[in-house]
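Trainee: I would like to go through the labels attached to this structure and check what each one rests on.
Mentor: Then ask about them in turn.

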Amino acid sequence: MTESAPRIRIGYGLEPKKVHSFIQPSLVNLCNERGIDLVPIDINKPLIQQGPFDCVTHKLYSEDWKNQLEEFSKANPNTVIIDPPHAIERLQNRISMLEVVNELKITRASEELGTPSQTFIFNSESLSDQSILQGLNFPVIAKPLVADGSAISHKMYIVFSRDGLKGLNPPFVLQEFVNHGAVIFKVYVAGEHVQCVKRRSLPDIPDASLGSSGGLLSFSQVSNLACQDGDDDSYKLIIEEAKMPPTSFVDEVANALQQVLGLRLFNFDMIRDSRDASRYLVIDINYFPGYAKLPDFEIVLTDFFREVVCQKESETQAWATKESQE
């Protein structure tokens with residue numbers, strides 16, 4: 001009688017809200033069918049006392065959790081940790097987050113990749129410094145410096161003039177707003193899987209309105225802002241007609257980001273400059289995003305979990321073979 005393959009145990013350490021959105025019955029059922037058990041990690045108990053796990057995936061940010069992960073990893077070196085806390089930390093700061101884009105070496109000559117101009121406002125006194133806004137054109141988007149997935153980190157504003165900055169409390173990042181046809185490209189990465197989808201974004205601001213004295217406008221999330229004067233059907237048409245970026249370009253950017261960031265679960269938001277159809281700008285990068293919004297996300301994540309565990313097993317076996325031959 002053939003012995004069945006051992007089941008793969010994936011421990012997940014997530015806040016209740018993330019558990020609700022990510023651990024869908026459809027994902028649990030498909031994982032179960034393919035020999036994968038999704039096991040909740042009790043965040044009220046020491047991680048070292050739990051397991052065994054073939055892989056631990058998480059989205060917790062406390063220092064205590066980071067220390068527990070380090071302790072667990074040392075005691076269980078064959079367990080894959082997705083992803084390393086030190087790599088995730090880079091995405092929690094909206095300045096360092098986008099600096100990585102400038103480190104990428106994109107070989108395609110037909111597309112240009114960059115980021116919008118931005119600056120950091122540390123305190124109220126900084127706003128009186130004329131040089132700090134030099135080279136930054138209004139309107140701008142004001143974002144909290146910290147990007148940790150909390151409600152506060154999503155509290156953003158579009159600011160139309162310098163006067164509008166008076167209504168904001170530093171610290172925050174100012175990112176130049178670039179007209180992009182009201183469409184944002186969200187690129188999801190899960191290991192080797194890359195998928196780009198189109199979503200509704202901020203409407204373009206007519207040139208006649210740029211630099212106006214209109215103050216600021218509040219919104220909860222840039223990609224989900226509902227234009228008060230907008231028509232849902234017209235926005236649907238805009239999104240449907242928007243041309244997707246070349247797949248080879250998206251894949252190259254995603255793979256390059258994965259190498260530089262050292263992360264396997266993330267997505268990035270990219271826009272196409274309305275003034276230059278070959279110019280793309282990365283405006284945000286998020287760790288462990290809402291994969292459940294993707295079509296067939298269950299297949300994507302199930303394949304991903306199996307791939308990372310199998311890859312680790314192959315590396316361990318190769319290392320053991322090399323050791324035995326020396």
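**Labels and their cut-offs**

Mentor: Leaving aside residues up to four places away in sequence, Thr 79 touches Phe 53, Asp 54, Cys 55, Val 56 and Phe 72. Keep in mind that this is a predicted model.

Trainee: Where is Thr 79 placed?
Mentor: Thr 79 sits in the loop between helix 3 (63–75) and strand 4 (80–82).

Trainee: Why is Thr 79 called buried?
Mentor: The relative accessible area of Thr 79 is 9%, and buried means under 20%, so Thr 79 is buried.

Trainee: What makes the approach of the Thr 79 side chain to the backbone oxygen of Phe 53 a polar contact?
Mentor: A polar atom of the Thr 79 side chain lies 2.8 Å from that backbone oxygen of Phe 53, and the limit for such a pair is within 3.5 Å.

Trainee: How many aromatic pairs does a search of the whole structure find?
Mentor: The search finds 8 aromatic pairs. One of them is formed by Phe 53 and Phe 72, at 6.2 Å centre to centre with 45 degrees between the planes.

Trainee: Why is the pair of Phe 120 and Phe 122 called edge-to-face?
Mentor: The planes of Phe 120 and Phe 122 are 65 degrees apart, with 6.2 Å centre to centre. Edge-to-face requires over 60 degrees, so the label applies. Phe 122 is exposed at 56% relative accessible area, whereas Phe 120 is partly exposed at 27%.

Trainee: How do you know that the buried residues of helix 2 are on the same side?
Mentor: The buried residues of helix 2 (residues 25–33) are Leu 27, Leu 30 and Cys 31. They cover an arc of only 100 degrees around the axis, which puts them on the same side of helix 2. On the other side, Pro 25 and Glu 33 are exposed.

Trainee: What makes Glu 63 and Lys 66 a salt bridge?
Mentor: Their side chains meet at 3.3 Å, N to O, and the limit is within 4 Å, so the pair qualifies. Both residues lie in helix 3, 3 residues apart, about one turn of the helix.

Trainee: What does the salt bridge of Glu 89 with Lys 66 tie together?
Mentor: The closest N and O atoms of Glu 89 and Lys 66 are 2.6 Å apart. Glu 89 lies in helix 4 (residues 85–89) and Lys 66 in helix 3, so the pair ties together parts that are 23 residues apart in sequence. Glu 89 is partly exposed, at 36% relative accessibility.

Note on methods:
Residues are numbered from 1 along each chain as its sequence is written. This is a predicted model: local features need pLDDT of at least 70, side-chain atom pairs count only at pLDDT 80 or more; totals for chains, interfaces and linings use all residues. Side-chain values use heavy atoms; hydrogens and water are left out. Helices (H or I, at least four residues) and strands (E, at least two) are DSSP runs, numbered from the N terminus. Buried means under 20% relative accessible area, exposed over 50%, partly exposed in between (1.4 Å probe, protein chains only). A polar contact is a pair of N or O atoms within 3.5 Å; within protein, one must be able to donate a hydrogen and the other to accept it, and residues adjacent in sequence count only if both atoms are side-chain atoms. Contact means heavy atoms within 4.5 Å. Rings of Phe, Tyr and Trp (its six-membered ring) pair if their centres lie within 6.5 Å; planes under 30 degrees apart count as stacked, over 60 as edge-to-face and the rest as tilted. The arc is that of the directions from the helix axis to the C-beta atoms.
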